[in-house]
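Subject: Structure handover

Hello,

Here is the structure for you to look through. My notes on the sheet and the interfaces follow it.

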Amino acid sequence: MWIQREIELEPRPRGFHLVTGEIAGALPELGELRTGLCHLLLQHTSASLTLNENASPDVRRDLRTWFDSAVPERFPWTHTLEGDDDMPAHVKATLTGPELTLPVRDGRLALGTWQGITLCEHRDRGGPRRVVATLWGEPR
Amino acid sequence: MWIQREIELEPRPRGFHLVTGEIAGALPELGELRTGLCHLLLQHTSASLTLNENASPDVRRDLRTWFDSAVPERFPWTHTLEGDDDMPAHVKATLTGPELTLPVRDGRLALGTWQGITLCEHRDRGGPRRVVATLWGEPR
Amino acid sequence: MWIQREIELEPRPRGFHLVTGEIAGALPELGELRTGLCHLLLQHTSASLTLNENASPDVRRDLRTWFDSAVPERFPWTHTLEGDDDMPAHVKATLTGPELTLPVRDGRLALGTWQGITLCEHRDRGGPRRVVATLWGEPR
């Protein structure tokens with residue numbers, strides 16, 4: 001069984017945002033898989049995907065604070081035409097990565113108790129973000 | 001052929017630890033695959049997985065030194081309730097990533113000569129860590 | 001359908017280099033897949049793979065500048081036998097990661113408009129680099 005689909009994530013401000021529900025809600029066929037995998041590619045170079053804490057919003061705020069501090073806007077960048085937040089966004093995107101592969105078991109994503117799919121939006125106005133989702137495995 | 005299984009990695013102190021043997025030993029069905037893949041998801045947000053040098057323990061020590069320096073415990077964190085090593089652990093986990101996909105060829109993981117599966121334990125007392133392993137591909 | 005093959009990337013100097021064409025050119029069977037995935041493992045621990053901007057060379061230059069600044073050669077490293085650029089290379093490789101999984105749709109890699117497969121060469125003289133490529137999915 002193979003399913004491949006584009007999902008458009010709604011625009012979000014700079015920061016780390018939980019999108020587990022938005023992703024899983026767009027993939028009802030997850031329920032048809034007994035054992036399989038779900039791959040997500042964010043088709044952008046100034047935003048990224050990670051798994052991190054799904055409960056405390058403090059963690060997501062601190063993630064942003066650290067990344068903004070480690071990859072500052074004031075730095076000897078040469079690529080500056082697209083705005084102060086652009087080149088830091090490219091670096092942060094490569095540090096966190098554009099894609100995730102997640103196990104599926106008995107019709108659900110087999111994440112840890114505290115893990116949530118997290119959109120890392122590194123631009124101030126990144127707009128909607130597109131994900132190519134691919135599901136494959138053994139049907140129930 | 002699809003195999004999916006939880007593997008519990010034994011508790012380890014903060015640092016970078018080779019776990020190739022522990023993982024492969026828990027997946028004897030690797031030997032049945034001619035061409036395929038092995039996916040590993042660590043179900044935690046304060047530890048992570050990487051591939052790095054499997055020979056010199058110096059490399060693993062220096063990895064820890066750099067990460068502890070780049071993501072310090074003294075920082076304007078707001079999420080501090082779970083201990084000084086908690087929020088740095090979440091950042092380090094997102095920098096290194098919770099999952100790996102590895103090629104399988106003729107019954108073995110097709111890693112480079114110097115590559116080893118490395119558990120990045122970012123907590124002082126992280127306890128046992130759980131991995132969901134998924135194998136799929138063409139049988140021999 | 002399963003295809004697995006080693007690809008040798010030509011030697012490149014330290015920096016970030018677009019290799020989408022070199023990779024796709026070595027995988028003509030991409031054209032035979034309707035829906036599937038392409039997995040790439042770089043079998044080294046001092047170079048890595050990422051997706052980033054495929055147009056402006058400024059972005060690739062700035063990526064190098066930031067990584068060289070964040071992971072400097074002057075640092076209390078203990079693993080120094082293989083040269084000043086070696087231990088920073090191991091850290092940078094773990095920050096960016098050795099592998100990518102990419103969706104395939106209608107015979108082509110389904111990357112974003114601005115995404116290119118990027119070899120992150122962290123050594124001054126890394127030599128040729130080996131990738132294990134695995135393709136699988138539904139034929140057209």
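To start with one pair in the sheet of chain C: C:I7 has C:V131, in β8(C), as its bridge partner. Please keep in mind throughout that this is a predicted model.

The sheet in chain C

The pair above belongs to the contact between β1(C) and β8(C), two antiparallel strands joined by eight bridges, with β8 covering residues 129–139. Both strands are part of an open sheet of five strands in chain C, ordered β1-β8-β3-β5-β6 and paired antiparallel. At its edges lie β1 (2–9) and β6 (108–109) of chain C, each of which pairs on one side only.

How the copies are arranged

The surfaces used by the copies are different, since 12% of the contact residues of chain C recur in chain A.

Chain C against chain A

The contact involves 34 residues of chain C and 27 residues of chain A. About 2600 Å² is buried between these two chains, 60% of it on carbon and sulfur atoms. On the chain C side, the residues that lose the most area to chain A are C:D62, C:W66 and C:Q115, which together account for 24% of what that side buries.

C:R105 and A:E6 form a salt bridge, with 3.2 Å between the closest N and O atoms. There are also 15 residue pairs in polar contact between chain C and chain A, counting pairs with both residues at pLDDT 80 or more.

Which elements of chain C supply at least two residues each to the side that touches chain A? They are β3 (33–42), β4 (47–53), α2 (57–70), α3 (86–96), β5 (99–105) and β8. Of the elements, α2(C) gives the most, with nine residues. By residue type, this side of chain C divides into 15 nonpolar, twelve polar and seven charged residues.

Chain A against chain B

Here 34 residues come from chain A and 27 residues from chain B. The buried area is about 2600 Å², with carbon and sulfur atoms giving 61% of it. In chain A, A:D62, A:W66 and A:Q115 lose the most area to chain B, together 24% of what that side buries.

One salt bridge is found across the interface of chain A and chain B. A:R105 and B:E6 form a salt bridge in which the closest N and O atoms are 3.2 Å apart. The count of residue pairs in polar contact between chain A and chain B is 15, with both residues at pLDDT 80 or more.

On the side of chain A that touches chain B, the elements giving two or more residues are β3 (33–42), β4 (47–53), α2 (57–70), α3 (86–96), β5 (99–105) and β8 (129–139). The largest share, nine residues, comes from α2(A). The residues on this side of chain A divide into 15 nonpolar, twelve polar and seven charged.

Regards

Definitions and conventions. Residues numbered from 1 in each chain as written. Chains lettered and ligands numbered in written order. Predicted model: local features only at pLDDT ≥ 70, side-chain atom pairs only at ≥ 80, totals over all residues. Heavy atoms only, no water. Contact = heavy atoms within 4.5 Å. Pairing = 2+ DSSP bridges. Helix = DSSP H or I, 4+ residues; strand = E, 2+ residues; numbered from the N terminus. Buried area = accessible area lost by both parts, 1.4 Å probe. Salt bridge = Lys/Arg side-chain N within 4 Å of Asp/Glu carboxyl O. Polar contact = N/O pair within 3.5 Å; in protein donor to acceptor, adjacent residues only side chain to side chain. Nonpolar A, V, L, I, M, F, W, Y, C, P; charged D, E, K, R; others polar.
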